[in-house]
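Here is a short report on selected features of the model shown below.

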Amino acid sequence: MSNPSDRPKGSVMVVGGGIAGVQAALDMADSGFYVHLIEKSSAIGGRMSQLDKTFPTNDCSACILSPKLVECGRHLNINLMTLSEVLALEGEEGAFTATVRQNPRYVDPAKCIACGTCAEKCPKKVPNEFDLGLGKRKAIYLKYPQAVPLKYAIDPDQCIWLKKPGRCGMCQKVCPSGAINFDDQPREIQIEVGSVILALGFSPFDPSILDFTGYGRLPNVVTAMEFERLLSPSGPCLGHMERPSDHKEPRRIAWLQCVGSRDINRACHGYCSSVCCMYAIKQAVIAREHAQGPDLATSIFFMDMRTHGKEFEAYYDRARAEGVNFHRCRIHSVLPAGHDDNLILRYVGDDGLINQEEFDLVVLSVGLEMDRQAAELARRLGVELDPNNFVATSAFRPVSTNRPGVCVCGAVSEPKDIPQSVMEASASALEASRVLAPSRWSETRKKEYPDERNVWAEPPRIGVFVCSCGINIASVVDVAAVTDYARTLPGVVFAQNNLFTCSQDTINQMAEIIKREGLNRVVVASCTPRTHEPLFQETLRDAGLNKFLFEMANIRDQDSWVHQKFPDEATQKAKDLVRMAVAKVRQDEALAYNTVSVVKRALVLGAGVAGMTAALSIADQGIPVVLVERKDRLGGHARKFYRTWQGDLVQEYLKGLCRQVEGHSHIDLRLGTSVERVEGSVGQFKTLLSDGSKVSHGAAIIAIGAGSHKPREGRWNYLYGKHPEVHVLLELDKRFIKEDPALKEKGQTVFILCAGSRVSEKPYCSRVCCTHAIDQALHLKELNPDMEIFMLYRDIRTYGEKERLYQRAREKGIVFIRYDLDNIPKVWDEQGKIQVEAKDPILDRPVRLHPDMLVLATAVRPKVDADVVSRAFKCSMTSDRFFLEAHMKLRPVDFATDGIFMAGLCHYPKPMDETIAQAKAAAARASTILAQDAIPAESITAVVDHGKCVGCGVCTMVCAYNAIHLDEDSRLATVDTAMCKGCGACVAGCRSDAVTLKNIGNEQIMAAIEAAMEIC
Amino acid sequence: METLFSQTTEAIRREAKDLLESGKVAAFLGFVKGSLPTVTRPFVARTPEETDKLVWNGLCVMNLANYLPGLLKSLEPPRRPGEPPPEGPLPRVGVIATGCWSRNMVIQIQENQMDRERLVILGVDSHGMIDRRKLEVLAGGREIQSLEETDERVIISGRDFKMETARQEVLRDNCLTCVHPSPVILDKKIGPTVPERRVHEPFARIEEIERMDAGSRWAWFQEEIATCIRCYACRNACPLCYCPTCFVDDSHPQWVGKSIDKTDTATFHILRAYHCAGRCTDCGACESACPMGIKMRLFTRKLQKDCLELFASEPGLDLNSPLPLTTYQPEDPDTFIIAGSKKQGTQGGSEK
Amino acid sequence: MKILKLDNSDLKTLLTRWNETRDLFSPVEGNGKVGWQRIEPLAFNEPAEGVPRASIKVFFFPQPETLLEYSTRSGDRDAYVPRPAMGKGRERIILGVRPCDARSVMLNSLPFANDPYFKVRKDTTLIVGFTCERPCSTCFCSWTGGSPMGTEGMDIAMTKIEGGYLAAVLSEKGKELLGHLHDTKEASPEERKQLEALRKQAQKGTGPAGSPAEILRKKALMDLYNATFWQKLADSCINCGACTFLCPTCYCFDIQDETVKGKGRRIRYWDSCMFPLFTQHASGHNPRGQKIQRVRNRFMHKLKYFPERFGPLSCVGCGRCIRECPVNIDIREVMRDLLSIQ
Amino acid sequence: MDSASDKDQKWEPKIIAFLCNWCSYAGADLAGVSRFQYPPNIRIIRVPCSGRVSANMILDALKAGADGILVSGCHPGDCHYISGNLYARRRFALLKNLLEFIGIEPERINFSWISASEGEQFAELVREVTTRIKTVGPARHLVKEIG
Amino acid sequence: MFYATLEGLRRFKIPHNFEFISIITLYAQWIREGKLVVDPSWNTEGVKFTVQDPCKLVRQGLGDQVAEDLRFVIKKVVGAENFIDVWPNKSNNYCCGGGGGALQAGFVKNRRKFGKIKFDQLASTGADVVITPCHNCHTQVLDICDHYGGKWKTTHLWNWIEKAMVKP
């Protein structure tokens, strides 16, 4: 054991296997650290795996999450510890010792093949907590179908044998691979790590204590989490959306917002849970899609509609346009209708009259709260919690806890959505690796393979391995017949039937057979390549064969399991599938394991808080950074900020940041410089700057910031630029910074929020203005407690813990008056005095105000040169002209083009803490590239036959990754292998067959078609 | 007799001569009189003198855009791969363009087959071109030995007959339904402007076929392509078909059998049309070129109709609008998708 | 040469008899197009006037000609073992063949003399030609060494006269075909004279003096090759295969294997020297990669290389290429241009 | 020997299905994991993305004798490759219409979106597609016959 | 006065060194401690009881806890099986409609119309007795019962404690 003053440990412990923990683990492992991922349940995936679709893209949650989980599960440098809990953490940053208890699974993961026979035969049915009890599982169970690891576990609280040994033991009797081990015992393990990341997630608020909701008493009142399962195709009603009482499809559904949030009276949670508005809208939209008929009525009852994220407002607009009803009203009680288990809601309409409406189902948009066990763990580890019980963080250190070396990410520090959690996960990975940088790659493992045999000139010698999968395949498909048949196929020189092809002994045997028989192509007919292809490909490599000389025939998941009653047909189909695989593998070629060498330098564009934070985060790891700023000074947008919503003064912080940047030996600062042209791709960019220099860099971070909109004309002008006491938000901040004494003298101040935002010309919500304006109002109150302050707003969007500012503002007597677009405030000048008139919706009459100062909360506006940068880096933008990330949910700082990342306001408006987190996240993502000497690139890439290419450019237009371009000289299409993802859009788009995909070429597909139809 | 055609012919000769004499172009692409009364011959004039032979009449059915990429290439000084391009501008070509031809030029420019800068386009509004198959039918199989054309009439005669008809009666089908007779890109306009046409039911024939049942449609399709000899005149007359190796010629992979087989011939026609999807301007060159009189234009016409209806796309009208198969809209129709087509989602921006 | 005089009913009788053991084909008009069709003797009057769109080569170079067959079916004993596929099939009589088309069969049998597949087609096909009453303006058979009254390549040559036909018997097979009529219906001397007159008539008004084949054979190859007019032709040409596929004397082919549902065949199918891939080498090099090279080759082959090797031009003057060329490339102009080269 | 009607009764369609790796193939796997039963007529060919499927491939499958085609990809917005399915949607819309135009029965050519979590939906889709194809009988058009 | 004082102290953050406890909570406490012994056996006929949660006491005043205590006491006094809760209840219960001076201020029609909600709610329990631990509620509940033809008796809490008290 090394002592703390020595080199730090090169490993890290991530606690929590939800999306945040998984992302943090992947980022750490990819940038050269060994990761112990501790998960308390039997599989990773967390809350996200329970969701049906995700907003605002309506992506299928399982679809987008699964690949990450599989990657995590297979990662050589991630030690996945499920059913495990951290008991204690000793030591300090750089050298922690964690004590982890691993609870027994009672199923040997090395032997379990996830065939499911055990669960089928297990007599004990129990409510399935994955479906929140809406469905049933067995005492031996798989957490969910796509679980990683895909291994069964026994629930010790439910298992008949474990309660009374000798009583049942069915699973042990039927398990074909002898994986059941009733004698499994808990183990305590000591892990030495350099830092710790807490990604403990959240618990959904339990609404049972809110009796008015009827939850727990009225069967058709469900939580949103339960409703996700009702919507999910893999949920208890298979996506048919049935309500609990009678399993009928509801025709009228209501959502009640803020259940367990923004409620200090009953729920004791003053904060806003941040995600519920969007998920409720999403559920309403998705429910309407699920509904068999067109007439599903959906109503959302809310206080303020908080759609403050990227593309959220558009989603809200679309939902309204599609007929989702929105009622600004808090429901008193959910009442039984007295028939059919329907429910009655009484609410006040826009007209002030009381309506009564009947619903078939009421969904409670429950908030997020700190998990009880997580809070206990935090206390055990000496991690401070904030008044809301979340892990305490600060504006400038958003992913750090009070305990050095212990970082935090995700909803455990404040309620937040998936992209924000993922962003923080990456940021925490960066934070955790900062101190550990000297020990990078010191504890990681790398696999060595024998040299590969060149089989190019050999005639095909194909080996076919037909799996019985215990009885999973063999009970339906005549595997012996399939094996015999395989031997007759052209090119096949060896065929064998195995009980479990994936078992370790068979794998070893397969490698031997490949060598002994001189096989140069292999087909395995078993389960799905999606889970098992990597394993068999690994075997090929171990046997000295290129791993791409391999095909699978899926005769289990897509044959024996789905044609259980038709053994003859299933056997014929298995033969066909084997023949197709053989036909295709004959055409397969050895492919290169592509890599791209990495220039270990980053280019950071923009030297605001985001850019500087990103640059420092990378430079602190010893990696050189070229920091390019268009202006002549550092600081960017933040120079105009007075304080963060948490109350920290920005200017002081900024000064410190600038000093660090200026004095950093690894930062090459280029002020007054811009980017002219970018060439190359991930690992090997070459960027021409306006100073004439050319920078080679392996990755780039774009952090060019944004500006604030100045309403110089139009209906939102409001005397701006015409009256000296009309400001936009940051102009008032400037007066705060200057400590303008005149401010104290103001008798009345009016704020107009959403001034020119959330309208057709500028449809997005700028996310920060409500909080910022309220904080300014509070500051004015600090300066002059007698000042009258009015805020004219549309929805107050103080999401998360920012809600406390809103609360405080009301306590201080600040008056909030809501307006809508039909009645926007009127402002005019009467002999130098500002006059404001707004219609108060509660009084239902106009209110006249005579402020001394008028503050307009205007939009955060993308920079005009964003377009230029977008063209130079060939990266996409949204219709609002913010940069478009590769994936709204799971890749929030990545561009679709590899090696380019974004941070800060150019991505979307956000407060300081989020900007810093995103900058660190971008640095972490860039580090996963810059930490490597070379990075792997897709092997199955497109390739152009220049003899056939005519340079029409269709391929370049349909490529989502800019991975194909017309060569300047030949004017013919050329693939940039490092950027190609192998999707084949170019192949299908090419009329002259000039582009093909390696090993998934037209001829291979045609061979498979031909083989499929050989026997008709 | 002075006709629009004779006036235009004069103007073309004058302009072409100017262009060649002044050295603004290295070659001028037009038509000369053919050796048969019903055909004109595409022609490249390389000297001012040769321009005297140029003609413009209702028989100019070959789409000149088809020749441009090759002609331009042939005028470039030979260059090995990697060798830097020669200094200064490359030689230019003058060309006549009607509405559909100019739209094909737009597409060729969009698809990087040529540079706009290297073209000098003399724009001519099309009055519609004559279908010589219709003339043959009119002549009842008798050999046509001479043809006269005025602005409104066509007179044909042979060994023992002489007939006159309205031009409208013998125009090509594509010209009858054309709504864009005027060139969309041009450097100089020649001759009078033809007003934008409003065509009543431009897709009447397509709709008629659509109304038939599947069996009848198949019978119609088979009948239509029955005489195809796979000579590929339709393909080669088409300015969109410029692939060095057409899919029909490829043996690896062998998408289509090479001989005359019912399925292979059908596959050829389906894919040829499909490859023109969203690009075809309905110039009719394919039909005019076919030695067997096959109406393969109907297949591309169907695609044209669908592109218009599904994607509101008419190709070649604008250099800056992407061709329909190289772009998408999140809300593109998906009623044909049988599971889960009801779906709403945010696509962010799609521009690059 | 024996000349018979047949009246219309004789022809009907013959056709009915022939139809018992053979398939009969003749040019038939439909939809304004003349094409080759199987005929039923009772419903048939006489061959359609005009040149059929497709040339007679469709009977001798079928699209496709199956050369070999094989199975790819796993488990088949002889999977991947090719079997020759040369079936003789029923004999055929093609009625109403014009002299130009008939002559093309003779010309094609020069290069294909030893081709078994061609031979089988030829041995099983009898040509009952009809001499031309009315040549078209695009006909130029006399120029190429033929004649509207020509009989080369025919087994029987029919010439329409008042009240019937004069039938010249040109081969043993032709004689057999006529059966007893051969001996009973001999033409009268007047009728023979009439035929003679028609032949003389046809000789008049032919092309330029001397035989073009003869002249071109003698010209220096490089003079013809380097002529400037090729560029003009290439300028117009779109490189389609209409001319070659319609031409009765274009016989170039390619070979490929086709496999469907476990059955395979090796086929010979028409190819065209107009297509760039025609001469594409495996190396990627293409000796006739440019349009001008291909256009020149087509004409040089017909008018220079073929005569040098076999004597006559590889052109029968049927005029199909002239009529159907979409860009009006006219082989007569090419001939004139070539002949005018000094 | 079978009579024609016997043969027709015995006939079972062969369907080629091109499934994208990330959604529809995964959905097909999930159908298996969940033991949702469907008719054994489809032969699945795994492709990276529905955007990889070209018109040529569909015609080739018909030529080879497939009685029906199914192409399935991710739902719009779910594409693993960002936009492959959206380009595909345009290509397929035109192709399907064109094939119907020339007389191919609409039932033969099928496109769908199936996500990785839609096992049941996949099984239902295969049932539906198989039934559709059965109603139009064995493919006769665009099938190549030799020998 | 109870509420006015309580809310005044809270709203204006007036420092004070005492706490507010309702007598109901004390009843409950005493019963739990055994200081107050009650026995529901008097209720041989199974008279059914329900309850009104006064706004000032529960929703705006001391919250759910006092409502729980109220129910605890009632159940102890009348027998748990004889108590029928209203819905909604406790902090979420409906206002009787008689507060804020409504009973004294005229506008009888409006007051009764508002009270109809309360009437329907109470009537739907089918209880014989409604316990209202607030004089204001008592008067209003009495009035609406009478006006709308209710069948229950409206009482305070103490009447029943007295009935159930057992001498130690």
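In chain A, strand β16 (residues 252-259) and strand β22 (residues 361-366) pair in the parallel sense over 5 bridges. Strands here are DSSP runs of E with at least two residues, and helices are runs of H or I with at least four, numbered from the N terminus. Two strands pair if DSSP finds at least two bridges between them. Within this pair, A:Trp255 stands opposite A:Val363 of β22(A).

The model is predicted: local features need pLDDT of at least 70 and side-chain atom pairs pLDDT 80 or more, while totals for chains, interfaces and linings use all residues. Residues are numbered from 1 along each chain as its sequence is written, and chains are lettered from A and ligands numbered from 1 in the order written.

Both strands belong to an open sheet of 5 strands in chain A, ordered β15-β22-β16-β17-β18, with parallel pairing. Its edge strands pair on one side only.

| Edge strand | Residues |
|---|---|
| β15 (chain A) | 221-223 |
| β18 (chain A) | 325-328 |

Chain C meets chain A through 7 residues, in contact with 10 residues of chain A. Contact means C-beta atoms, placed from the backbone, within 7 Å. The chain C side has no nonpolar, 5 polar and 2 charged residues.

E:Thr5 is in helix α1 (residues 2-11) of chain E. E:Thr5 counts as exposed because it has 12 C-beta neighbours inside 10 Å; the cut-off for exposed is 12 or fewer, and for buried 20 or more. The C-alpha atoms of E:Thr5 and E:Asn89 are separated by 24 Å, at 84 residues apart along the chain.

How values were computed. Two residues are in contact if their C-beta atoms, placed from the backbone, lie within 7 Å. Ala, Val, Leu, Ile, Met, Phe, Trp, Tyr, Cys and Pro count as nonpolar, Asp, Glu, Lys and Arg as charged, and the others, Gly among them, as polar.
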